[in-house]
Amino acid sequence: MTKKEIIKMLNQALELEHAAYAQYLSHAETIDGLNAEPIIARLKEIAQDEAEHQKKFRTLIGDFLGGAPSMSMAKTYPAKTVKQILQINLKGEKEAVDVYVKILEKIKEAKASLPYEFFQLEHEIRHVIMDEQEHIAELKILLGIK
């Protein structure tokens with residue numbers, strides 16, 4: 001049962017990453033103005049990080065846990081202004097960290113039943129969380145939030 005629960009949670013994470021990837025790229029295309037280029041570049045860079053997270057989650061689900069990776073996408077949120085774009089994505093990054101921390105906790109609880117998967121699962125989830133925390137810090141800087 002534990003593997004199925006973790007697969008379900010990882011598929012939710014994968015769907016969040018599918019949405020984040022599409023949302024960052026779409027938002028990058030809506031920004032314009034005098035200082036747009038560095039923000040566009042950063043959003044596209046974060047989108048590439050999200051693509052890497054998708055790949056990690058698919059590998060964990062399929063190769064390590066024997067599940068089927070989801071092809072669905074979580075909800076995305078449109079925005080018009082740079083401030084809205086940054087705020088929406090900051091909220092999404094925080095929600096992702098909250099979900100991924102729960103996955104990490106579930107993996108730790110299941111350590112004994114995952115003797116050949118645990119360390120890879122724990123390592124990859126921890127690294128995705130660290131990436132998302134970096135995105136949070138960067139978005140806060142762009143928003144002027146301490």
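In the predicted model, phenylalanine 119 is exposed, with a relative accessible area of 58%. Phenylalanine 118, by contrast, is buried, its relative accessible area being 7%. These values fall on either side of the limits applied, since a residue counts as buried under 20% and as exposed over 50%. Phenylalanine 118 and phenylalanine 119 form an aromatic pair of the edge-to-face kind, with 5.1 Å from centre to centre and 75° between the planes.

The count of aromatic pairs comes to two. In the pair made by phenylalanine 57 and tyrosine 100, the ring centres are 5.4 Å apart and the planes stand at 65°, so this pair is edge-to-face; the angle required for that class is over 60 degrees.

The largest pocket has a volume of about 300 Å³. Its lining consists of 19 residues, and Leu16, Gln23, Lys75, Gly92 and Glu95 are those that lie nearest the centre of the pocket. At least two lining residues come from helix H1 (2-30), and at least two from H3. The largest contribution to the lining is that of H3, with eight residues. By residue class, the lining of the largest pocket comprises nine nonpolar, seven charged and three polar residues.

Technical notes. Residues are numbered from 1 along each chain as its sequence is written. This is a predicted model: local features need pLDDT of at least 70, side-chain atom pairs count only at pLDDT 80 or more; totals for chains, interfaces and linings use all residues. Side-chain values use heavy atoms; hydrogens and water are left out. Rings of Phe, Tyr and Trp (its six-membered ring) pair if their centres lie within 6.5 Å; planes under 30 degrees apart count as stacked, over 60 as edge-to-face and the rest as tilted. Buried means under 20% relative accessible area, exposed over 50%, partly exposed in between (1.4 Å probe, protein chains only). On a 1 Å grid over the protein atoms alone, a cavity is a set of points where a 1.4 Å probe fits but cannot get out, and a pocket is an open set with protein on both sides within 12 Å along at least five of seven lines; lining residues have an atom within 4 Å of a point. Grid points are joined across faces, edges and corners, and a volume is the space filled by probe spheres set on the points. Helices (H or I, at least four residues) and strands (E, at least two) are DSSP runs, numbered from the N terminus. Ala, Val, Leu, Ile, Met, Phe, Trp, Tyr, Cys and Pro count as nonpolar, Asp, Glu, Lys and Arg as charged, and the others, Gly among them, as polar.
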